[in-house]
Every structure is written in structure tokens, then in C-alpha cells.
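Colleague: I have a new model to learn from. Could you take me through it, one question at a time?

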Amino acid sequence: MQFLQILSRKPGSLEVLFQIPFCQKQFPYTCLSTSVCVYSKKKKVNSYEQVDQEKYKNLIRSVTSYKTSAQTPETILEEDSLLYGPPAKHRPPVKDGTKTPKNWVPLINPSKRILPVSSGSNVPMKIGLQRSKMPSVTRILQQTLSPQQVFYLERWKQKMIEELGKEGFEEYTKNLFLQGELFHSALESIFLSEEASARDQGEVAGYLSSVEHVLEDISDVKALESGVHHETLQYLGLVDCVAKYRGQLCVIDWKTSEKPKPFLENTYDNPLQVAAYIGAINHDANYDFQVRCGLIVVAYKNGSPAHPHFMDPDLCSQYWNKWLLRLEKYMDKK
């Protein structure tokens, strides 16, 4: 220590001492450092000391006493009943996809006798719709719309009335209905190899152009604009077309739309309508065949390619169950 003190009196002596090789050999990893640490402890301030404890003593007492109180499931249920009333003892609503119809009737008629195909006339059937007290498929579906469907339909109607006015909206819907009739009439003329009037073809030229690629896959037309009724379930309807689509016998429903409908779910209740017609044909004695598939064709006025939505037997069975539930709902409302 005295040695270091002596050296420190001479400027540069201590620095030279640690740079000479002698020091590097003797103290290869030695270094000198000085540091000063100053600790100052601040007294922590308890924020609770500033609270008026006298004012909140009742609250503190209730909280601390609650911790030591004995709560049981029974006492908790009692408190809940007093506060919120007794628990509602009802089951959550079941979706249509999981519900089972009370009056289930098979889509395919097991007792229907299928006659052999005759080599006679190939003219499609066209049975007139017998007006009776039976409800139509269209009426049943309209009367059993869900609240959500009613809301969106009413909102669309109000929006159109705002744009077109009440009279303009009535004219718009009238023209849509007329175009649909002309489109069906033109298709019927094509299937019967008849010539439609130039005026009719001009009115629906875009729709006909839209379905050209679909018509190429349709053959063996068995019925056109023909009335059907379900003898067991007591409802009726008018089928657009029954024919083969790519080799599968289908109930075909022609639809017109101003907006694209590329997916089956975009067609709303149309699959239920098709399933209802399939079931009616299969249980109608006027028809000597049964149908297992469906086809919804959405045609567009601007001539863009139509969207054909094919419904295989499994899909038809699913929509048949949904249709039976809607039919039950209609009967219950009556």
C-alpha cells in the first residue's frame, strides 16, 4: 500500500507500472476500479392512510365478514331466485335441420307402381291445376316465412318504394311477373319444337341466351307446366318442368334474377319448393314415374350464363324434411 502511495505521487508512474511486461506476466487479469454506490431509501407512502376510514368502515366490515361467511350452493340459488327470479325451465329452440317432422312421409313413394316406358307418344304431360281447398306450395312458403326473412323482404320492399315510388314499385313487380311468364312460355315452345312469337322472344332474349348452355344438357322432357298434388299431405302446385338433366330425371324450376346467384343458398326457399314438387309427383297417381333429383336454373336478363343448381337425392331428402316442417307450421297456424 505504501509502495502504491509513493508511486502515485509521481505523475505517470502508476500507468507505466501496469504497462511493463513484468506486470502483464504477474497480473495478467488484474485491473483497478473504484465505484461509489449511494443508497437512499424513500419512505413508501400508503395511499390507504389518506382514505377516510371512518366513512367506509361499514363497507370494510361487510367485505371482511363476507370472506368468513359460509356460502353453500343452496343459499346461492336462493339469492339468485330472489334477485333474478326462478330459472326458466324450457329447452333452447331447435334448428329446423335437427328437428323431425311429426307427420313424416317419405319423399319416395314405396307403394307406387312404375309402369314400363311406352314407345308411344313422347309429348310431355300437361295436367291442368285443379283448384280446390288444398293450399299451394307457394302459399304455404309465403305464410311460414321466418321473422328474419320477413324483415329482409320488407326492408327490400321499402327501399324499392323509396327509389321508384309506390306506383313505380307496383309497375316494377308487374313487369317482373310478366317477364317470368314470357320466359316460361318461350322455354315451353323450345321443348315442344314450336316457334315462339318474335315479340315474346325479344322480351326475354337475354334470359334465353343465358340458359343456352343448360338446355344442351336437358333431354327426355316428361312434363311441362303441369299440376301436381300430394294425396296424403293435401297440397298442390304447378311444376315448371320434369326432364333429364345430364341423365338424371329432375324436377326443374326456372328462375329469373337481376343479381347473380352462384350458390344454392342464394335461392332462399326455392329448394324447399322443388322438394315439395318432387314429393307431390311421387304421390300423385297421374304420374307413372318417380323423381329423386332437382334442378334450379337461375337465368339473367343481361344474357350472362345461367347458374344451374343440381340437387342430388341426399340434398332433396334434406330439403324434404325442411318442407314437412314448414307444412306443419302452416297447418298449426290454421
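Colleague: Where is the place of L272?

Modeller: A reminder before we start: this is a predicted model. L272 has its place in a helix that covers residues 270-282. That element is helix α11.

Colleague: Is L272 buried or exposed?

Modeller: The cut-off for buried is under 20% relative accessible area. L272 has 6%, so L272 is buried.

Colleague: Which residues does L272 touch, not counting residues up to four places away in sequence?

Modeller: One of them is L141. L272 and L141 are 131 residues apart along the chain, yet their C-alpha atoms are separated by 8.5 Å. The list for L272 is L141, Y319, K322, W323 and R326.

Colleague: R326 is in that list. Which side chain meets R326 in a salt bridge?

Modeller: The N to O distance in this pair is 3.0 Å. A salt bridge needs such atoms within 4 Å. Both residues of the pair are buried. The partner of R326 is D269.

Colleague: How many residues apart in sequence are the parts that D269 and R326 tie together?

Modeller: D269 lies in the loop between β3 and α11. R326 lies in helix α12, residues 313-333. The pair therefore ties together parts whose separation in sequence is 57 residues.

Colleague: How many salt bridges does a search of the whole structure find?

Modeller: Side chains of opposite charge can pair when their charged atoms come close. D269 and R326 are one example. The search of the whole structure gives a total of five.

Colleague: Take E188 and K126, whose side chains meet in a salt bridge. Which is buried and which is exposed?

Modeller: Their N to O distance is 2.7 Å. E188 is in helix α7, and K126 is in the loop between α5 and α6, 62 residues apart. K126 has a relative accessible area of 53%, so K126 is exposed. E188 has 15%, so the buried one is E188.

Colleague: What is the N to O distance between D217 and R246?

Modeller: D217 lies in the loop between α10 and β1, and R246 in the loop between β2 and β3. D217 is partly exposed at 26%, while R246 counts as exposed at 59%. Their side chains meet in a salt bridge with an N to O distance of 3.3 Å.

Colleague: Which residues does Q179 touch, not counting residues up to four places away in sequence?

Modeller: Q179 is found in helix α7, residues 147-191. Its relative accessible area is 13%, so Q179 is buried. Its contacts are V204, Y207 and K301.

Colleague: Y207 has an aromatic ring. Which residues do ring pairs link into a cluster with Y207?

Modeller: The whole structure holds eight aromatic pairs. Ring pairs link Y207 into a cluster with F183, F191 and W254.

Colleague: Why is the pair of F151 and Y152 edge-to-face?

Modeller: The ring centres of F151 and Y152 are 5.3 Å apart. Planes over 60 degrees apart count as edge-to-face. The planes here are at 65°, so the pair of F151 and Y152 is edge-to-face.

Colleague: Over which ring does the charged end of K222 sit?

Modeller: The charged end of K222 is 5.5 Å from the centre of that ring. The ring belongs to F289.

Colleague: How many disulfides does a search of the whole structure find?

Modeller: Two cysteine sulfur atoms must be within 2.5 Å. The sulfur of C241 is 9.5 Å from the closest cysteine sulfur, in C250, too far for a bond. C293 is in no disulfide either, as the nearest cysteine sulfur, that of C250, is 5.0 Å away. The search of the whole structure finds zero.

Colleague: What is the phi of Q234?

Modeller: Q234 is in the loop between β1 and β2. Q234 is not a glycine, yet its phi is positive. The value is about 60°.

Methods:
Residues numbered from 1 in each chain as written. Predicted model: local features only at pLDDT ≥ 70, side-chain atom pairs only at ≥ 80, totals over all residues. Heavy atoms only, no water. Helix = DSSP H or I, 4+ residues; strand = E, 2+ residues; numbered from the N terminus. Buried < 20%, exposed > 50% of the residue type's maximum accessible area, 1.4 Å probe, protein only. Contact = heavy atoms within 4.5 Å. Phe/Tyr/Trp six-rings, centres within 6.5 Å; stacked < 30°, edge-to-face > 60°. Lys NZ or Arg CZ within 6 Å of the ring centre and 35° of its normal.
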